[in-house]
Amino acid sequence: MSISILKGGLLTTVQDLGRKGYLHQGVVEGGAMDKLALRSANLAVKNEEGAACLEMTLLGPTILFKQASLICVAGKGMTPYIEGKPYPLGAAISVPAGQELTFKTARQGARAYLAIAGGIDVPAVLGSRSTYLRAKLGGFAGRKLEKGDLLPIGKVAKHLAPLLKKADKQGCPVVSNWHVNGSLSDSVSLSENVVRAIPGSHFSMFTKESQTNVFDMSFTIQNNSDRMGYRLQGEAPLLRETKEELLSEAVTFGTVQVPLDGEPIVLMADRQSTGGYPRMLQVAAVDLPKLAQMRPGDAFSFERITLEEAQYLFLQQEMAMQQRKVGIALKWTEWLAR
C-alpha cells in the first residue's frame, strides 16, 4: 500500500514520538512538535500511539489514496477535505481508493497530523521514523515531502481487517468527535495565550527586574522560528547581572535560553542536545503542545508555576489521554456492533 503526494504543502514531514536514547552521541530526539495530537490521531485509527504520521505545517499537502484507507487528522491549523467535502478534526474517516485529500488553512493553529491505519512505513533509523531535516536523517529520504513522492503504508493487523472492510463499505466518516479539535492541553489550561513555566537553573543570574518582567510581559514569536527553536521578542530585553561565560549543559524540549541580546529562545522538538546560554525558564510539559501550535506573530505570556504543579498537570493530561484511549476503543466496539 502507498499514498501519492500530489503537492507537498509548506512543510510536510514524517514524524513519530522521536529518536530516543542517542542524545549522548549528539543525535537529537526530534519527533512530532505536538505529540498529543499525533498520539490522538493514531488512537483513532487503531495504530500504536507512536506510529509514524505526517506532520503538516500551516499549508497542507494534496494526497492521492491509491487504496481504500482509514485516516484521522488531529491537531490544529487546517481542515481536511476529501474530494472537496470538509471533515472534522479528530474523525476516523474511511477514504475510498482513488480519492484526494486536501487541506484548508485555519485562522489559528500551526500543525496537523495525518494518521493512516498501518502507519507510514518508511525505514526506521536509530529506532525512529522521524525526519531530522538538518541532518537529512530518517523519514522519507531525510527531507520534507514533495510532489511525486510515494509513501509506503504498513500492513494493518489481521484482527482489524473486518473493521476496515466495514468502514470502507459504509463510507466516511466512521465516527467523528472522538476528541476535541486541538490537544489535550486545552483541557488543563486557563488561557490559549498563557504558557506555564518554572524557573530554570540560571534564573538567579538575571536582574530582579528581568525576573519580574519575564512573567509580566508579552512575547511574540518571530518569523525566524522553526522546529529547532522559537525566537521571542518581548517588550524589554531580559538582562543578566553578569555576562560570565557558561559551560554547555543539557537542554530539553521547552528549555528557555536567553542569549546576550536578551531575546529568549524556546527550544523545540529539533533542539540541540546541549546549550551554553543561561536557562532562565523551563516550559511545563503540559503546555508544550499548545506552544507547538503557535505561529510566527502569535503572542503569549509566561505564567510561573512550581515543579510540583507542573508534575500534577502532566499527570492530569496523561490520565485524560488514557480515558480518551478507552473511550475510542468503546466507540469502535459500538460501531462494529451496529
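Trainee: Which residue of β10 stands opposite G75?

Mentor: A112 does. Five bridges join strand β5 to β10 (residues 111-116), and the two run antiparallel. Strands pair if DSSP finds at least two bridges between them; strands (E, at least two residues) and helices (H or I, at least four) are DSSP runs, numbered from the N terminus.

This is a predicted model, where local features need pLDDT of at least 70, side-chain atom pairs need 80 or more, and totals for chains, interfaces and linings use all residues. Residues count from 1 along each chain as its sequence is written, and side-chain values use heavy atoms, without hydrogens and water.

Trainee: What does β5 pair with over four bridges?

Mentor: That's β8 (residues 92-95), again antiparallel, with S69 opposite V95.

Trainee: Are the faces of β5 covered or open?

Mentor: In a regular strand, side chains alternate between the two faces of the sheet. Here both faces are covered: S69, I71, V73 and G75 on one side, L70, C72 and A74 on the other, all buried (under 20% relative accessible area, 1.4 Å probe, protein chains only; exposed is over 50%, partly exposed in between). Seven of the seven residues of β5 (69-75) are buried, so the strand is largely enclosed by the rest of the structure.

Trainee: How many residues does the largest nonpolar core have?

Mentor: It has 49, and V214, V266, L281, L291 and F302 make the most contacts inside it (a core joins buried Ala, Val, Leu, Ile, Met, Phe, Trp, Tyr and Cys through side-chain atoms within 4.5 Å). Helix α1 (residues 35-44) gives the largest share, six residues. A separate second core of 28 residues includes V14, L114, L145 and L151.

Trainee: Why is α1 largely enclosed?

Mentor: Because 10 of its 10 residues are buried, including L36, L38 and L43. Just after α1, K46 takes a positive phi of about 65°.
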